[in-house]
Amino acid sequence: MSEAFRGKASVKRLQTSVRATAYQKEWFMGLKDRVARGEPLAFVNADVPQEIFRAMDIPYVVNQWWSSVCAAKQMAPYYLGLLNERGYRRDLCRYCSLSLASAFDPEPEKGPWGGLPRPSLAVTRITCDSQAKIFELWAQTFGIPFYALENTVPIRVPSKWWELVPYDWEECFDRHRLDVAEEDYRGLIRFLEWHTGRTFRETQFRAIMRRVNEMAEYFRKTRDLIAETVPAPVAVTDTMQTVMISQWQRGTDWAVETAKSLYEEVRGRVDRGESVCPKEQARLMWLGRGLWFNLGFYQHFEEKYGAVFVWSIYLAIAADGYARYGGDPLRALASRFAGLEDMLHMPPWNSDWIVKEAKHHRISGAVHLISDSCTQGAGGTYFIRKALEEAGVPVLQLRADPVDARAWDESEAVAAMEQFLEQRLGVKPL
Amino acid sequence: MTEPNVSAVRALERLKSVYLGEERPDVSWKQNGGVVVGWWGEDVPEELLVAAGCLPVRIRGVRDSGKVGFPSADKYLERGFDVLVRARFERLAGGEYAYLDRIVLSNSSDALVRVFYYLRALRATEPEVRVPEPYFYDFMHSRSRMAALYNRARAVELKKAVESWTGKTVSADDLARAVAVCNENRRLLAKLTEWRTADPPRIGGATALCVIGAAAAMPKEEHSRLLRVVLEEAPSFPPLSGVRVFVTGSAHDGPDVYELIESCGAVVVGEDHETGNRYFEGLVAEDADPIDAIVDRYHLRSPESTRATVSERVAALVEQVRRCRAQAVVAYIHAADDAPSWDAPEQAKALASAGVPMLVLDRRPPGLPDEDELRGRIAEFLASVRKRAENGGDRR
């Protein structure tokens, strides 16, 4: 393994986070057992409607989740090296290809938690130029079938989409886009029926959709509580992993219970007056993907400056982007995924929303992680900065890959952050 | 062997002049009261624009030596946007295309989808930048009936939009005429390819790139007229010698790279990128519903890297190399153009099995700032191809 930077894990403040982190390993080991007993395993991209797989009781692993696990376990430099040895250049997409890279390991059992079991099929969505290629290479590596969902582009730009999407989603998205996504989903279900022999259970699907709404409601309450409480009761390091582990378990009772537990634990801290930094001096936004190989990075600034990262896309989009009520459930599911790309990565969808969130959270400054090797993950950074700065929120842009520690310069990033805090936000060390 | 007729030389010079932007038929068209619509994305059907009486022109990038960079594009685009997109965005954000009545973009790449959002956001937040009003043509690429029907509906919407821009109703006859004009131009360009792939070739790759590119920068009828003049004289063009090279990878908005390759002792006999042969590949059926036929033509062409799997690209490349009887392949890939970088390793393997070596020039910066070094690499590669051919290793 190359001499790459080794990141630090964050110190967990919440029992819910501890339990969620422990659960994901327990769940993964259970999944491995199921696969070992002959059940199918789907390997899917993050923007694939996982609710369908759950309704068919098909175990699945999410590409970006496995990437984040590999990164957190400090395996990314080794795996990405294997990809590079096969002729793929070092600065190609890494967040979405790290799992592919891990498939080239001659000793896969040495991977995180004994490695990823052999999948039976792969499903992605063509949201960028590389997705279909990465997934086809993945599928060829294991000799398994793969399905690529289409991606469409919205023409309308709804005002304040976050107010419309839970109930008025049919009006929020172009109808022709929902029509074609529904048809695509039917094709996916047929593909899964054919290749796994499993059945799509409508009653199960409706229950899953209801649970996803319940989870989103708890996340919204948690987000609102954090936004409205000064000093902040928790930081992004307390929520990011818990939210994402729940998100990958979306539609289960466990996910609802975890979201509820997160809310109750944060509520308890608020009621008891507990905070990350009693002498909170700055409330920060972390824009872009999480720094998965180095989650301890965020906490340095709490200790030295009383600067707390209170906002990340993970809890915020879980609060505003997922809930869907009414209508046909498959069409409602189509509307969930019709908008996520725009909400997160496309101006003015993302810039308007981020400014709304900055005001709600009383944000002092925003730090934007920009990954140069991925256009998708850093959409509209100019327009986001412009919108935030016009709203009085200074922005620092940091360039790094969320999973590749090889190019991370800790001292440079810390120096940039400290300069930002001291010079742009006027914050002095505690 | 006779010298080519002066008129053919002049026709070629004129086509090159249009391609290089020295002659601007689009500006003349606009000055004469015509509607000029820019397009960016290889799925945009020129036929619909021609049928409404518009002049469609492809958005082209600034020519950059690698020293000036793209200051306007750098301001708005993340570094993950590739060199060609930056070069084109530079002209848009620099106001050079402010005269366009509209710009139609399609989702022929992820970057282009983003460009549409950014242009729209720019118009909303910084109107002083003067970018033309963008229209998005949402075109799917999977070869499914679902995608085909979706595309038909979007083409009908585009037709209505174009009618609103021009105030002219596009009739079935208008469409049929436009299809015929565009098809005729494609047939002539296909004939040019025959001279390009002849043994020995009579048309070089750099020249062909200029001729093909000019078709997307001027009225089709005039381009076809000039092309006919060239083709009549093509048999008398001097034969070209050199290693027969096929170019894959990124698209090119200028002849510089081809000129460099050919100056090293090669003839570029074909390519699979959007500004070369792929531009005129495939005809629109003239005996079917025009909208259906137009959509089919754009939907079912050979795959472009940004919208295809690796195996589709590998199969297409191997077949095209075989048809051109190319001895070698150069994959020239602009910096941050990820799609062809994903294709290259498997393409190289498949070509090696077919006895065709491939030189991968990846992460290429704008312009040719390292021209001497690059020339050395290409010359060395071509020398190895020649040596291999002399030793009987060329299995074309």
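Modeller: I start with the largest nonpolar core, which holds 275 residues. A:Ala76, A:Leu284, A:Ala366, B:Val245 and B:Val329 touch the most other members of this core. A nonpolar core here is a set of buried Ala, Val, Leu, Ile, Met, Phe, Trp, Tyr and Cys residues joined through C-beta atoms within 7 Å. A residue is buried if 20 or more other C-beta atoms lie within 10 Å of its own, exposed if 12 or fewer, and partly exposed in between, with C-beta atoms placed from the backbone. In soluble globular proteins, nonpolar side chains tend to be buried together.

This is a predicted model, in which local features need pLDDT of at least 70 and side-chain atom pairs count only at pLDDT 80 or more, while totals for chains, interfaces and linings use all residues. Residues are numbered from 1 along each chain as its sequence is written, and chains are lettered from A and ligands numbered from 1 in the order in which they are written.

One of the core residues named above is B:Val329. Leaving out residues up to four places away in sequence, B:Val329 touches B:Phe246, B:Thr248, B:Val321, B:Leu351, B:Val356 and B:Met358. Two residues are in contact if their C-beta atoms, placed from the backbone, lie within 7 Å. B:Arg325 is in the loop between helix 13 (310-324) and strand 7 (328-334) of chain B. Helices (H or I, at least four residues) and strands (E, at least two) are DSSP runs, numbered from the N terminus. B:Arg325 is not a glycine, yet has a positive phi near 55°. B:Arg325 counts as partly exposed because it has 14 other C-beta atoms within 10 Å.

Also in chain B, helix 9 (residues 205-215) is mostly covered, with 11 of its 11 residues buried. Among them are B:Leu209, B:Cys210, B:Val211 and B:Ile212. The buried residues of helix 9 of chain B pack against helix 1 (6-19), helix 8, helix 10, helix 11 (256-263) and strand 6 (266-271) of chain B.

Two of these partners also meet each other. The axes of helix 8 (residues 172-197) and helix 10 (residues 220-233) of chain B are 9 Å apart and pack at an angle of about 25°; axes are lines fitted to C-alpha atoms, for helices over the stretch in contact, and angles run from 0 to 180 degrees between N-to-C directions. Helix 8 of chain B is therefore roughly parallel to helix 10 of chain B. Angles under 35 degrees count as roughly parallel, over 145 as roughly antiparallel, 65 to 115 as roughly perpendicular and the rest as oblique. The crossing of helix 8 of chain B with helix 10 of chain B is left-handed, meaning that the near helix is turned anticlockwise from the far one by less than a right angle, with clockwise being right-handed. In this contact, residues including B:Val181, B:Cys182 and B:Leu188 of helix 8 of chain B meet residues including B:Leu227 and B:Leu231 of helix 10 of chain B. By class, the contact of helix 8 of chain B with helix 10 of chain B has 6 nonpolar, 3 polar and 5 charged residues. Ala, Val, Leu, Ile, Met, Phe, Trp, Tyr, Cys and Pro count as nonpolar, Asp, Glu, Lys and Arg as charged, and the others, Gly among them, as polar.

In chain A, helix 14 (residues 313-320) is mostly covered, with 8 of its 8 residues buried. They include A:Ile313, A:Leu315 and A:Asp320. Among the elements that the buried residues of helix 14 of chain A pack against are helix 7 (161-164), helix 15 and helix 16 of chain A.

A:Trp161 belongs to helix 7 of chain A. A:Trp161 is buried because 23 other C-beta atoms lie within 10 Å. Apart from neighbours within four places in sequence, A:Trp161 is in contact with A:Cys172, A:Gly339, A:Met343 and A:Trp349. The C-alpha atoms of A:Trp161 and A:Pro347 are separated by 12 Å, although these residues are 186 residues apart along the chain. A:Pro347 is joined to A:Pro348 by a cis peptide bond with omega of about 0°. A:Pro348 sits in the loop between helix 15 (329-345) and helix 16 (349-360) of chain A.
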